[in-house]
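Colleague: I would like to go through this protein with you, one question at a time. Please end each reply on the item I asked for.

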Amino acid sequence: MKNIVISQEELDAIRNGALNEIDRLTAKLKDTLESYFLRFRTDEVHTWSMYRGNPAHTGTVGPTHRMVGGRLKFTREIGPGVKTPPIVTPQHIFTPAAGGSELECLALETGEQVWSFSLGAKATSPAVVSWDGFVYVPTDDQELYSIGVSSGLLRWRFHLDDLVLCSPCVDGTSVFLSTREGYLLALDAQSSKLKWMSPWESAFSEPTAAKANIFIGTYDGCLMSVWQGSGDIRWKTACLGKATSSATYHDGRVYYSLPESDERRGSIHCLNAETAEIIWRHETPADMSCTSAVSGESLYLVAQNRLESLTAADARKRWSFSTETPIRSCPTVIEPAVFVTTRAGVVHAVDSKNGKELWKYDLGTGIVGSAAYAGGLLVVAGEDGKLYAFE
């Protein structure tokens, strides 16, 4: 029998082809399952279940008939020293408490405590809630917790060899994390088993998930796309500049914010998600450090004390809104309004169509992170150790 000799290059090509096909089939199965579950939904669910709202980090929950009018419904004491914003689902609010060493689950409508879980160390990023009924939170003793949403009981605890400072991303059956040392990891959401770990040391931002891909910024100023199933690199851009925000995925495009270019101006790049081709680049009038939000055909970004809206397709300016003090949060879009919070502790609601102010509310204290939304309530965390819920 004749021996068949296969070179290492041919083996690598076969392996990569098989992994790509597995990722394609996995994405197809996921889309099928999502379509199946959507058939049984009687109402459109609006929720802010993780950093920037969802795995794609769009910063929006879509149009809703339960618009926030600016009336303060309730406040809830969570204690000083909390450094991360709340996460909100249609029934619950999840927030660090007691200086960040506890995770509290509160009833969305009343703010009353449902359960409290002692973490033993401080939470390092906002919690993440998955569709399968579990909440995930990393802590500064290098642990990742998986806790039942209904019960408040521990499902598993996974020890990492490094700190997780960026918020995890849950998409389907996987939890994706980037560590302080620059590793990107994928864990099985049910068992906490390590699926894969990136061989490079460059992951920098929160992982953004879309279909079969993960998009992540790198220490050397590049944007990278990897396969969800294997962690293999799909593409990596050349250096775009110093990055401090996560990517935003929407409708086949990736939007990537960079804080400074020349003369203390920021910039945002729009790339083709499949090819990494740069579609357009927009320079902002001041430096920026927030992730943009995208809703429909509009993009929303923050540069110092200005909230700007551009057309997502070609970066044409739609409108600009200015605040008295710098905006310190990424925009939260709940059509037909965009919400931002300032360093002075003012919540602004801006009309998404024309940039006119709808209402504002001065909390009299600094605000931690971005506003979260679900079930008609907008929830923000104050530096005074309180949660504020608006309806």
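Colleague: In which loop is the place of Thr 139?

Modeller: Keep in mind that this is a predicted model. Strand β7 covers residues 134-138, and strand β8 covers 143-148. Thr 139 is therefore placed, by the strand runs, in the loop between β7 and β8.

Colleague: Does Thr 139 count as buried or exposed?

Modeller: Thr 139 touches Leu 119, Ala 121, Lys 122, Ala 123, Thr 124, Tyr 145 and Leu 163, leaving out residues up to four places away in sequence. Its relative accessibility is 1%. Buried means under 20%, so at 1% Thr 139 counts as buried.

Colleague: How many Å apart in space are Thr 139 and Leu 163, C-alpha to C-alpha?

Modeller: Leu 163 is among the residues that Thr 139 touches. The two are 24 residues apart in sequence. In space, C-alpha to C-alpha, the distance between Thr 139 and Leu 163 is 7.7 Å.

Colleague: Which residue has a side chain joined to that of Thr 139 by a polar contact of 2.4 Å?

Modeller: A polar contact is a pair of N or O atoms within 3.5 Å. The side chain of Thr 139 has such a contact, at 2.4 Å, and the partner is Asp 141.

Colleague: Is the pair of Tyr 136 and Trp 156 stacked or tilted?

Modeller: By the rule used here, the count comes to 11 aromatic pairs. In one of them, the rings of Tyr 136 and Trp 156 have centres 5.9 Å apart and planes at 45°. Planes under 30 degrees apart count as stacked and over 60 as edge-to-face, so at 45° the pair is tilted.

Colleague: How many residues apart in sequence are the parts that Tyr 136 and Trp 156 tie together?

Modeller: Tyr 136 lies in strand β7 and Trp 156 in strand β9, residues 154-159. Tyr 136 and Trp 156 are both buried.

Colleague: Which strands do Phe 215 and Tyr 249 lie in?

Modeller: Phe 215 counts as buried at 0% relative accessibility, and Tyr 249 is buried with a relative accessible area of 16%. The pair ties together parts that are 34 residues apart in sequence. The strands of Phe 215 and Tyr 249 are, in that order, β15 (residues 213-217) and β18 (residues 248-250).

Colleague: Over the face of which residue does Arg 155 lie?

Modeller: A charge sits over a ring if, among other conditions, CZ of Arg is within 6 Å of the ring centre. Arg 155 is at 3.5 Å from the ring centre of Phe 134. The charged end of Arg 234 also sits over a ring, that of Trp 227, 4.7 Å from its centre. The residue under Arg 155 is Phe 134.

Colleague: In the largest nonpolar core, which residues touch the most other members?

Modeller: In soluble globular proteins, nonpolar side chains tend to be buried together. The largest core here has 48 residues, and strand β30 (residues 367-374) gives the most to this core, with six residues. A second, separate core of 27 residues includes Trp 156 and Trp 200. In the largest core, the residues touching the most other members are Val 135 and Leu 378.

Colleague: Is Asp 251 buried or exposed?

Modeller: Asp 251 lies in the loop between β18 and β19 (253-258), and has a positive phi of about 55° although it is not a glycine. Its relative accessible area is 68%. Exposed means over 50%, so at 68% Asp 251 is exposed.

Note on methods:
Residues are numbered from 1 along each chain as its sequence is written. This is a predicted model: local features need pLDDT of at least 70, side-chain atom pairs count only at pLDDT 80 or more; totals for chains, interfaces and linings use all residues. Side-chain values use heavy atoms; hydrogens and water are left out. Rings of Phe, Tyr and Trp (its six-membered ring) pair if their centres lie within 6.5 Å; planes under 30 degrees apart count as stacked, over 60 as edge-to-face and the rest as tilted. Helices (H or I, at least four residues) and strands (E, at least two) are DSSP runs, numbered from the N terminus. Buried means under 20% relative accessible area, exposed over 50%, partly exposed in between (1.4 Å probe, protein chains only). A charge sits over a ring if NZ of Lys or CZ of Arg is within 6 Å of the ring centre and within 35 degrees of the ring normal. A nonpolar core is a set of buried Ala, Val, Leu, Ile, Met, Phe, Trp, Tyr and Cys residues joined through side-chain atoms within 4.5 Å. Contact means heavy atoms within 4.5 Å. A polar contact is a pair of N or O atoms within 3.5 Å; within protein, one must be able to donate a hydrogen and the other to accept it, and residues adjacent in sequence count only if both atoms are side-chain atoms.
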